[in-house]
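Please consult the sequence and the structure shown below.

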Amino acid sequence: EDVWRVEGNAYVGYELPIFAFMGFLGGLVGAAFNFINFKLSVFRRRYVRHKVFKVLEPILIVLCVIISGLLLSVLVSECHPEGYVPSIRPVRMFCKDGEYNAMAGLFFATPEEAIRFLFHAQEGAFSVLTVLFFFLVFFILACWTYGVSVPSGLFVPCILSGAAFGRLFGVIMHSLFPQVAWSPSGRYALIGSAAILGGVLRMTISLTVIMIEATQNVAYGLPIMVVIIIAKLVGDVFNEGIYDMHIELKSVPLLAWEPLEESVKYEAKEIMSSPVECLRCRENVRVLVSLLKKSKHNGFPVVEESFLLNTASKQSFGLFRGIILRSQLVILLRNKVFENPRPDMTESEKFHNLGSATSR
């Protein structure tokens, strides 16, 4: 909770358009993330199939993370006194005694500590180059890591990369316009996290609720909501959300929220066989055997004829009660599940008995 908690004054009204622009950029970054990860996942499914390769890939990623952190800690070395940022565990790498390396603190700390560093560090704790290079490198590594053959999440990497993105935006705004009363750069890190999460995951209401509850500050509800919605709308222009992409890659039979564009202009009657071969709730064995012999369909609608409606413009076969499969009919006939119904038995009772017999 301490990592996310945001206290102090809320944003200023004139910062809302800036937050909206961050949401726009977050949608573009999220679309790029999904595109790169999708291509890597397709490549991984085609060529990284042997067990040895699946073990070597995570090892290669770990080596790349270590090498990238070491190189950036040397090339973009930004040293500050250890007490400059309280409550942050310093990482003294390539710095003098009594100092800490800001880049090494981001790379070699735990993700929770790095997020806390970006959210709560005071102004001047990071330079533009430090946050920029960390964001670019971590973005590429996060794209590569998601989908690898080890348990790996997506939420925290998106939060961390988004925090770096937002912190970069805040540092730039404070550097370019120092005379303007901007919100602290840590607030921009929060908005950046919401922008990247919205651009990658494409969730709206649930993500907004999670962010507001995590910050424990309802004052940021409006900018978080605006940023997430804009990021989702911008990202949807280019591709789907990351979860939808991986559902498609794994061939999970899941219907989308919206129908395909080419299917909107068609009606069900235009793709169905005509006339419809229906079965009554109570059917003769002779009819079932004849239907199974002459028809190649796998399922047949069961209707109740007491609801027939035939007019000049519309024809009805009865009230639709359900679908029965060819395999179920074969089982019923093979086991001779026949019955002699009572004269006073209603159609609903007959249909219920048919369903009970099919389940057996």
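In helix α13 (residues 326–334), the buried residues are Leu329, Leu332 and Leu333. They lie on the same side of α13, because the arc they cover around the axis is only 95°. The model is predicted.

Beyond the helix
- Lysine 336 follows α13 and has a positive phi, near 55°.

Aromatic pairs overall
- The structure contains 15 aromatic pairs.
- In one of them, phenylalanine 43 and tyrosine 47, the ring centres are 4.9 Å apart and the planes stand at 45°, so the pair is tilted.
- One aromatic cluster is formed by Phe21, Phe24, Phe33, Phe135, Phe139, Phe165 and Phe169.

The pair in helix α1
- Phenylalanine 43 and tyrosine 47 are separated by about one helical turn, because they are four residues apart in helix α1 (residues 16–47).
- Residues three or four places apart in an α-helix point the same way, because the helix has 3.6 residues a turn.
- Phenylalanine 43 is partly exposed, its relative accessible area being 47%.
- Tyrosine 47 counts as exposed, because its relative accessibility of 52% lies over the 50% cut-off.

The pair between strand β2 and helix α4
- The rings of tyrosine 100 and phenylalanine 117 have centres 6.1 Å apart and planes at 50°, so this pair is also tilted.
- Tyrosine 100 belongs to strand β2 (residues 99–101) and phenylalanine 117 to helix α4 (residues 111–120); the pair, 17 residues apart, links distant parts of the chain.
- Both tyrosine 100 and phenylalanine 117 are buried.

Conventions: Residues are numbered from 1 along each chain as its sequence is written. This is a predicted model: local features need pLDDT of at least 70, side-chain atom pairs count only at pLDDT 80 or more; totals for chains, interfaces and linings use all residues. Side-chain values use heavy atoms; hydrogens and water are left out. Rings of Phe, Tyr and Trp (its six-membered ring) pair if their centres lie within 6.5 Å; planes under 30 degrees apart count as stacked, over 60 as edge-to-face and the rest as tilted. Helices (H or I, at least four residues) and strands (E, at least two) are DSSP runs, numbered from the N terminus. Buried means under 20% relative accessible area, exposed over 50%, partly exposed in between (1.4 Å probe, protein chains only). The arc is that of the directions from the helix axis to the C-beta atoms.
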